[in-house]
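Subject: Model for you to look at

Hello,

Here is the model we talked about. Please open it alongside this note; my findings follow below.

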There are 2 protein chains.
Amino acid sequence: ELFSREVSVKSVQEDFRSFFTPLPSFPPIPKNNSLTPEKVKLGKMLYYDPRLSRSQLISCNTCHNLSIGGDDNQKTSIGHGWQAGPRNAPTTINSGFLKVQFWDGRALTLEEQAAGPLQAHVEMNATPKLIVERLKRIPEYVELFKKAFPGEKDPVTFENVTKAIAAFERTLNTPNSPFNRYLLGDDNALTSEQKEGMKLFVKYGCIACHNGPVLSDGQFHEFKWNKDLGRYNVTKNPKDKYKFRTPQLLNVAITAPYFHDGSVNSLEAAIKIMAKKELGKELSNIEAKKIKAFLESMTGEVPLEARVLPELPEKN
Amino acid sequence: ELFSREVSVKSVQEDFRSFFTPLPSFPPIPKNNSLTPEKVKLGKMLYYDPRLSRSQLISCNTCHNLSIGGDDNQKTSIGHGWQAGPRNAPTTINSGFLKVQFWDGRALTLEEQAAGPLQAHVEMNATPKLIVERLKRIPEYVELFKKAFPGEKDPVTFENVTKAIAAFERTLNTPNSPFNRYLLGDDNALTSEQKEGMKLFVKYGCIACHNGPVLSDGQFHEFKWNKDLGRYNVTKNPKDKYKFRTPQLLNVAITAPYFHDGSVNSLEAAIKIMAKKELGKELSNIEAKKIKAFLESMTGEVPLEARVLPELPEKN
Ligand code: HEC
Ligand code: HEC
Ligand code: HEC
Ligand code: HEC
Ligand SMILES: [Ca+2]
Ligand SMILES: [Ca+2]
């Protein structure tokens, strides 16, 4: 009896495991921005450097804090001048795997993305000119740009700032999560509750949108929630009203609050809302709890190297 | 000839070296707050945790950023609600060696000090009650407090928060600076310009106030500079008007801007102002440059361990 039960559980697990894609160690690397150690080192310094903001107080890490899941504990982000922006900050962790960036997909690549917050008035409120001027006054940075972009005559450019940051972000991956270890074959990496949650996640159809290595299809789906028109703001196509790009679910247990406006604090509540609004299903508390347990298995550790604060050079 | 010159330089160096005190690896540890690894680990997490602030956005590391010299790049600090405080943030690095804390010496110990910013409205704007409530909701923290304060029935207290943070701060020391290596016997750790600066620093009397392991006598001296009455605000003794505690000079080259109001950007300018106001001497540009070079030798590296961002636990 014990034997047969074990077998049936095993085959169930394997069935469901096949719906998922393990997370590779690195996302696709674009042809025009190879991932060299020199560039990653520079990008890390820039990611942590508050001098990229007008106030010299806000860095990428302020809102995408790598000690708390790559986000900022806020409903919607607080940036320059303590202004609250309109949206919740998603994590930078594993962001290199996303097919499009931002809740409304208005950037295609991490390079393009990084140009946004640096200039946004409610975020870092800088300009390409200001940033390049500041960096050029710091001899150690000029050297590091030369090394990261060899052969370029004047490598300290805004474009290269975004390239280096994007390269660093492509190292912020968490293939060490229990979920990923499970997909790679470690049957004991998930608890039985988590395995049941996985089953529900597939059976109820969450996987229709939350699929691929970071559990996002990169597509836009209607989520009518508040006045934010989402994708429509980008395309002006009426069909895109209230549509948002499916967010990744890796590390979702440590990136509360939820949804594009950070309006929901509890992961269980977010799961129930999804089931209702996207699938027309009322989940029981027990079902939501199981799915939550499953999503918790998707929490991994950011590589240690990325969490060592760089000693940033002083300007002369 | 070469030989005799070498000898005379050597004896000069040795004379001046004897005016200084090498930096030990750790400052004095108070009897009631022993420096255990468990406490340092907890203190580090608290130092980096923005949830100790009301907004959940500001941590000690926001204003005492260990990748930029333990300060915040601001003239005077910007805290909760983007309010500017009245004073420039000194570094937390080597702060355990200071005899009194704050520009006006209003706290005697690091433990006492830490209670300030956590509650200050213009800084973190929290309350002991709020902080303890938040921490108690995070099971991993409760465990870590138990380990850091063994034998205590209810270890998650505001007092223990300040104790753990102080313990962590006592590990933020930079005995690896060229200056300290020079004091320990490495004759080549300083350039000859730096050695000349050292000589001027002693000869002109900077050392009268800037002495001891962190180059601060811990005493209060008149520096009439603006409306800030300094020590007088603490003692109400008219003799203390405009008096400030001598700041440390370790890492001073990376903690611009200078003075209690952060009003001076250049280290050379700060040196000249000091010579004028505290010693009645006009320094030449060359002399100021040499002293600056000497002070630059006091920059060291914060221990790597302290710069590894902790992975902070999520509340349940
Ligand atoms: C003041 C807060 C703030 C700062 C500073 C900030 N971000 Fe963001 N970030 C956000 C918010 C809010 C969003 C979502 C905006 C949206 O989708 O409309 C976002 C989105 C992103 C995304 C897209 C992730 C996804 O899932 O679509 C990436 C990647 C990112 N930021 C990286 C960075 C980098 C790199 C920097 C520094 C150059 C930075 N951010 C600075 C708040 C911030
Ligand atoms: C039709 C597509 C679709 C389906 C089906 C779907 N989701 Fe989503 N999911 C989305 C989109 C789009 C969002 C972003 C909503 C927004 O704008 O905040 C989202 C957001 C979420 C969030 C919040 C993520 C965050 O970081 O804020 C969670 C959790 C989530 N989904 C889980 C699930 C679960 C569990 C199911 C199944 C019960 C499910 N989703 C079904 C598309 C879908
Ligand atoms: C919003 C900015 C801000 C935050 C947050 C902040 N500090 Fe400070 N800190 C300052 C300023 C400004 C001073 C100087 C105030 C004065 O002397 O009146 C200071 C002084 C200090 C000193 C005294 C150093 C010396 O040379 O006298 C220490 C130590 C210190 N802070 C540690 C901390 C710790 C620990 C935390 C977190 C619990 C913290 N600070 C949070 C801005 C900040
Ligand atoms: C009589 C005591 C005294 C003497 C002598 C003195 N200092 Fe100071 N020093 C101070 C005090 C007090 C301050 C803090 C002033 C303030 O309130 O900002 C200070 C501040 C400084 C600062 C700015 C530190 C910072 O982090 O903002 C530097 C640099 C400095 N002194 C260097 C020197 C040099 C070099 C000399 C000699 C030419 C010198 N000092 C002589 C007491 C003294
Ligand atoms: Ca979130
Ligand atoms: Ca300063």
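Start at ligand 3. One of its oxygen atoms sits 2.7 Å from an N or O atom in the side chain of B:Arg245. That is a polar contact, meaning a pair of N or O atoms within 3.5 Å; within protein, one must be able to donate a hydrogen and the other to accept it, and residues adjacent in sequence count only if both atoms are side-chain atoms.

Before going on, some ground rules. This is a predicted model: local features need pLDDT of at least 70 and side-chain atom pairs pLDDT 80 or more, while totals for chains, interfaces and linings use all residues. Residues are numbered from 1 along each chain as its sequence is written, chains are lettered from A and ligands numbered from 1 in the order written, and side-chain values use heavy atoms, without hydrogens and water.

**Ligand 3**

B:Arg87 also reaches the ligand: a polar side-chain atom lies 2.7 Å from an oxygen atom of ligand 3. B:Phe102 uses a polar backbone atom instead, 2.6 Å from a ligand oxygen. The iron atom has a single protein donor, B:His64 (NE2), 2.1 Å away. Donors are N, O and S atoms within 2.8 Å of the metal (3.2 Å for Na, K and Ca); water is not among the atoms, so sites may look incomplete. B:His64 is in the loop between α3 and α4 of chain B.

The shell holds 28 residues, counted when a heavy atom lies within 4 Å of the ligand. α4(B) gives the largest share, 4 residues. Helices are DSSP runs (H or I, at least four residues) and strands likewise (E, at least two), numbered from the N terminus.

**Calcium ion (ligand 6)**

Its protein donors are B:Asn88 (OD1), B:Thr255 (O) and B:Pro257 (O), at 2.4 to 2.5 Å. B:Asn88 lies in the loop between α3 (60–63) and α4 (110–119), and B:Thr255 in the loop between β2 (243–245) and α11 (267–279), so the pair ties together parts of chain B that are 167 residues apart in sequence. B:Asn88 counts as buried at 5% relative accessibility. So does B:Thr255, at 12%. Buried means under 20% relative accessible area, exposed over 50%, partly exposed in between (1.4 Å probe, protein chains only).

**Chains A and B**

Each chain puts 36 residues into the contact, which means heavy atoms within 4.5 Å. Together they bury about 2,900 Å², 58% of it on carbon and sulfur atoms. Buried area is the accessible area (1.4 Å probe) that two parts lose on being put together, summed over both.

Best wishes
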